[in-house]
Amino acid sequence: MKLSDLMTNPAPRYDVIIIGSGAGGSTAAHRLAHGGKRVLVVERGTWLKPAASSKPASNYIYDIQQQAKSNTGFVGGLTKFYGAAHYRFRESDFEEVVHESGISPAWPITYAELEPYYLMAEKLYRIHGTAEEDATEPPRSAPFPHPPIPYPPLMADLAKRLNAAGYPTAVIPRGLDYGAGGSCIMCTTCDAYVCPFDAKMDAETAALRPALATGNVTLLTETECLRVLTNEAGTQATGVVLQQAEVQHTLHAETIIVSAGIPESALLLRRSRNARHPAGLGNNGGALGRYLAGHSVGMVFLLTSFLSMKALHTKSFALNQYYHRAPDWPHPLGVIQSAGQVPFWRQASRIMRPLAYLIGKSSLMFFYMSEALPTREAGLVFDENNHVVETIQPAHNLQSFEKLRQLAVAAFGRIGYRSIARKRKPYLWHEVGTARMGNDPATSVVDARCRVHGIDNLYVADASVLPTAGAVNTVLTIFALALRVGDDILNRRSA
Ligand SMILES: Cc1cc2nc3c(=O)[nH]c(=O)nc-3n(C[C@H](O)[C@H](O)[C@H](O)COP(=O)(O)OP(=O)(O)OC[C@H]3O[C@@H](n4cnc5c(N)ncnc54)[C@H](O)[C@@H]3O)c2cc1C
């Protein structure tokens with residue numbers, strides 16, 4: 001669809017305009033379209049057309065970004081590359097928790113309030129799992145919509161030995177089109193790749209396509225939202241300024257949802273500043289761009305034989321027993337999770353690449369992941385042209401992180417595996433925050449319903465609103481919050 005096609009007089013009017021077609025945007029679009037709303041989804045990126053399955057490696061995120069030269073985004077957002085690990089946050093993740101290096105603050109909503117939306121998200125994204133193996137699983141109003149996916153033999157053997165040695169394993173809940181009639185073949189090119197079979201339930205396949213099929217949704221690709229406009233009083237969002245190639249156009253809607261991800265949602269709200277909101281929309285308390293949080297991540301490589309790895313789909317189980325504490329450690333630690341076969345060596349320097357390749361090809365990769373805490377200082381530093389010039393890291397719980405590394409090495413050692421787990425600075429993954437949810441406009445950007453403080457028809461629905469990241473994968477919580485935003489809009493209008 002061309003932006004110029006919408007430059008009619010009068011311009012088309014939408015019930016809702018959504019900026020971004022990733023995890024938050026497409027999921028909200030699905031809910032609203034099925035509720036009968038006329039929705040425009042604006043995506044700055046293009047459709048990803050995966051290469052034929054004969055060349056799956058060319059669908060790897062790093063290669064695609066290199067090809068695109070700049071990271072301009074894709075229809076479906078980062079979920080096109082995700083590992084489809086779908087966890088509910090634990091009940092305590094919504095409450096204040098004391099960590100080694102500070103406090104993980106309470107959310108303005110409880111787990112119980114989000115539970116119905118978790119279930120809705122699990123159905124939409126076809127999640128396979130079971131709550132029976134995992135003592136940290138929160139209470140559920142219904143079982144997982146699909147049974148757990150069986151482990152391949154190598155992983156099944158590993159899990160059996162870990163269980164016998166006193167390390168309870170738990171299946172990773174996955175969103176895949178798996179089972180009778182399903183298109184998932186459990187191949188190795190899943191996590192960090194685009195699925196050439198559409199078997200991965202990402203935001204495009206599971207949410208946006210069915211939303212488009214209702215006929216209620218218009219999608220503009222390769223179109224960037226430059227600004228969100230408000231009325232003179234600054235109390236209502238009135239429209240958005242869009243740019244496609246050289247064409248600029250303003251469109252109006254009753255409600256706007258910003259789902260541009262991190263850091264783009266914060267940047268967009270900042271670029272949209274006006275006389276009533278001189279520091280950016282929702283930024284009267286200076287919280288925009290701040291309170292970045294996420295996961296501190298490290299890697300453990302279990303040395304196996306080159307042959308045993310072969311074509312295994314290795315993202316299968318996790319050790320979650322140290323989520324809240326360990327026997328000799330009073331603070332939350334996190335999870336140890338099997339990873340997909342990610343060809344991380346392609347990102348290694350030329351000198352390190354042969355060694356990284358050797359390790360990658362003859363080992364099973366696990367992540368260990370703990371919570372990195374939001375602080376007022378953590379987040380995006382902008383220059384006067386609204387570019388992000390620096391990202392200040394959240395507070396990593398470094399001792400807990402190191403303890404988790406040692407526990408992972410010990411667990412695998414107990415069952416006879418030698419592992420490589422370099423002691424190093426954590427990677428920051430699964431970032432959240434920068435437009436966080438809260439009751440106090442001095443320390444948050446959106447309220448408990450994800451509406452920008454002071455502008456009640458402007459919502460944010462993406463990773464930026466999560467106040468904390470817990471220590472499990474965040475995307476199911478993004479989906480659940482986006483569905484809740486959709487319901488909030490449907491209920492308001494019908495009321
Ligand atoms: C390799 C990889 C594996 C992952 N695996 C997992 C996993 O297994 N489990 C999990 O929980 N999480 C995983 N994640 C993280 C997860 O994908 C992200 O947390 C999630 O996609 C964030 O959702 P979002 O809606 O905030 O942003 P996104 O999904 O990134 O969507 C934002 C969209 O907005 C568009 N956009 C930005 N600015 C504008 C603008 N101005 N105008 C128009 N459009 C705009 C972007 O192009 C993009 O499409 C993974 C991530 C990666 C990279």
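How many C-beta neighbours does Ala84 have inside 10 Å, and does that make Ala84 buried or exposed? Ala84 has 27 of them, so it counts as buried, because the cut-off for that label is 20 or more. Before I go on, please keep in mind that this is a predicted model.

I started with Ala84 for its backbone. Its phi is positive, about 55°, although Ala84 is not a glycine. To find it, look in the loop between α2, residues 61-68, and β3, residues 97-99.

Cys450 is not a glycine either, and its phi is positive at about 70°. Cys450 sits in the loop between β20 (427-432) and β21 (458-460). Is Cys450 buried or exposed? It has 26 C-beta neighbours inside 10 Å, so it counts as buried.

Next, the peptide bonds. Which residue is joined to Pro10 by a cis peptide bond? That is Asn9, and omega there is about 0°. Pro10 belongs to the segment before β1, which covers residues 13-19. A cis bond also runs from Ile262 to Pro263, where omega is near 10°. Pro263 lies in the loop between β11 (247-258) and α6.

Now the ligand. How many residues surround it? There are 38, and the closest are Gly20, Gly22, Gly73, Gly77 and Gly261. The largest share is that of α1, with three residues. Sorted by type, the shell has 17 nonpolar residues, 15 polar ones and six charged ones.

Since α1 has come up, let us look at that helix. It has twelve residues and spans 17 Å from its first C-alpha to its last, close to the 16 Å expected at 1.5 Å a residue. Of those twelve residues, eleven are buried, which leaves the helix mostly covered. Among the buried ones are Ala23, Gly24, His30 and Arg31. After α1 comes Gly36, with a positive phi near 90°.

The last stop is α4, residues 153-164. This helix also has twelve residues, and its reach from first C-alpha to last is 16 Å, close to the expected 16 Å. Which residues of α4 are buried? They are Leu158, Ala159 and Leu162. The background is simple enough. An α-helix has 3.6 residues a turn, so residues three or four places apart point the same way.

What does that face of α4 meet? Its buried residues pack against β13 (317-319) and α9 (398-414). On the other side of α4, Pro153 and Ala164 are exposed. Just after the helix, Gly166 takes a positive phi of about 90°.

Technical notes. Residues are numbered from 1 along each chain as its sequence is written. This is a predicted model: local features need pLDDT of at least 70, side-chain atom pairs count only at pLDDT 80 or more; totals for chains, interfaces and linings use all residues. A residue is near a molecule or strand if its C-beta atom, placed from the backbone, lies within 6 Å of it. Helices (H or I, at least four residues) and strands (E, at least two) are DSSP runs, numbered from the N terminus. Ala, Val, Leu, Ile, Met, Phe, Trp, Tyr, Cys and Pro count as nonpolar, Asp, Glu, Lys and Arg as charged, and the others, Gly among them, as polar. The expected span of a helix is 1.5 Å times one less than its number of residues. Two residues are in contact if their C-beta atoms, placed from the backbone, lie within 7 Å.
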